Amino acid sequence: MTAPTRRRPPLTARVIRDDAEALRTAAELAEEFRPGASGRDARRELPRAELDRLTATGLLAVTVPAEHGGADVSATTLAEVFRLLASADASLAQIPQSHFAYVNVLRQQGSPEQRAFFFAEVLAGRRFGNAQSEAGTKHLQDIRTRLTAAGAGSYRLTGVKNYSTGALFADWIPVLARADDDLLHVAYVPADAPGLTVTDDWDGMGQRTTASGTVELADVEVPAAHVVPHHLTFTGPQLHGAIAQLLHTAIDAGIAAGALAEAADFVRTRSRPWFESGYDTAAEDPLLIQRFGELALRHRAADALLATAARAVDAARVDLDDDSAAEASIAVAAAKAYAGSAALEIADALFEVSGTRAALGSLNLHRHWRDARTHTLHDPARWKIQHLGRYVLNGTRPPRHGLL
């Protein structure tokens with residue numbers, strides 16, 4: 001399915017004023033979205049109405065700087081917003097992850113005019129998508145999409161992007177491309193731009209309703225005023241990677257929370273006790289109680305590492321230098337590696353503690369594991385652990401890139 005070549009009118013989005021309001025709103029939306037999450041996944045029903053509802057609350061604008069009218073919430077608050085949403089619907093929580101990453105690009109490298117224009121768009125309810133990754137290249141950072149100067153203050157974009165989460169629902173699609181100097185830039189392209197096509201061909205076993213499909217760019221014209229020099233982000237201490245990864249960590253922690261809650265509810269309300277236990281209900285079985293205690297430890301540890309990482313990012317934002325940036329990146333890397341494994345273990349153990357009936361396809365309990373397995377493939381935990389080891393043993397700061 002190809003996206004229509006016409007942008008939707010802006011939603012009437014309220015403006016969230018502070019961290020407390022952002023957290024209340026996220027908690028309310030999580031409860032609102034939770035009942036329909038399984039059905040949306042089973043039918044692969046794209047959450048357009050839910051995403052519009054999320055946008056209208058103003059949550060997608062909470063990182064707009066205060067001087068531009070936003071709440072400018074802390075990383076700690078933003079991580080908790082994502083954790084709450086992912087505990088209800090991991091696909092829905094994944095869709096705006098890139099939105100916040102590219103709001104942050106503008107914060108870091110946008111000109112005053114670019115920040116004023118695009119932050120006003122975000123406050124008005126416009127959404128950013130994502131056209132970043134490419135398939136078939138040598139590695140993740142082998143970006144071959146080209147941004148070619150066309151004269152008269154404009155560029156031309158040509159390339160194909162894959163795994164473009166959020167693009168199908170976007171008003172603006174930030175495109176990562178190399179300019180004539182081979183340096184990385186981000187071009188913010190309106191979704192209805194001539195020559196831009198978004199195809200919903202995502203076929204993932206998990207996160208099925210993110211519409212993480214393909215973006216094709218055929219000689220798309222982009223004014224220079226919509227191009228940001230992203231390569232400058234990595235020439236000094238930076239938090240771009242840490243913030244993006246923090247949100248991925250929050251999604252994993254949310255999946256773990258959602259799977260554990262559903263497992264507990266299933267055992268309390270649907271499971272039969274094992275005949276050898278001698279108890280009337282499964283919830284009284286001491287062996288099940290022990291296993292739930294172990295899983296609760298994993299869940300709580302994931303949440304604690306997420307909170308620690310978010311505080312490290314907030315501290316670095318106040319006093320950014322090589323040391324604080326490194327500590328933030330390492331804290332997030334540790335949390336991401338742990339939360340991903342916790343989400344997988346808990347989503348798998350859901351069946352272990354719930355029994356045969358939990359395997360019924362009609363219950364769709366396997367969506368938690370499918371979501372965790374799919375999302376944790378985003379970038380390998382083994383490299384995060386490698387950087388953690390180098391940092392602890394040899395004091396080696398992690399490299400500056402968008403995945404740390």
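User: How many positive and negative side chains does the protein chain have, and how far apart are the centres of the two sets?

Analyst: The protein chain carries 42 positive and 49 negative side chains, with the centres of the two sets 2 Å apart. Lys and Arg count as positive, Asp and Glu as negative, while His and the chain ends are not counted; each charge is placed at NZ of Lys, CZ of Arg, CG of Asp or CD of Glu. This is a predicted model, where local features need pLDDT of at least 70, side-chain atom pairs count only at pLDDT 80 or more, and totals for chains, interfaces and linings use all residues. Residues are numbered from 1 along each chain as its sequence is written, and side-chain values use heavy atoms, leaving out hydrogens and water.

User: OK, how many helices and strands?

Analyst: 11 helices and 7 strands, taken as DSSP runs (helices H or I, at least four residues; strands E, at least two) numbered from the N terminus.

User: And what share of the residues is buried?

Analyst: 56% of the 404 residues, where buried means under 20% relative accessible area with a 1.4 Å probe, protein chains only.

User: Last one, what does the C-alpha trace span?

Analyst: About 80 × 50 × 45 Å along the principal axes of the protein chain.

Technical notes. Buried < 20%, exposed > 50% of the residue type's maximum accessible area, 1.4 Å probe, protein only.
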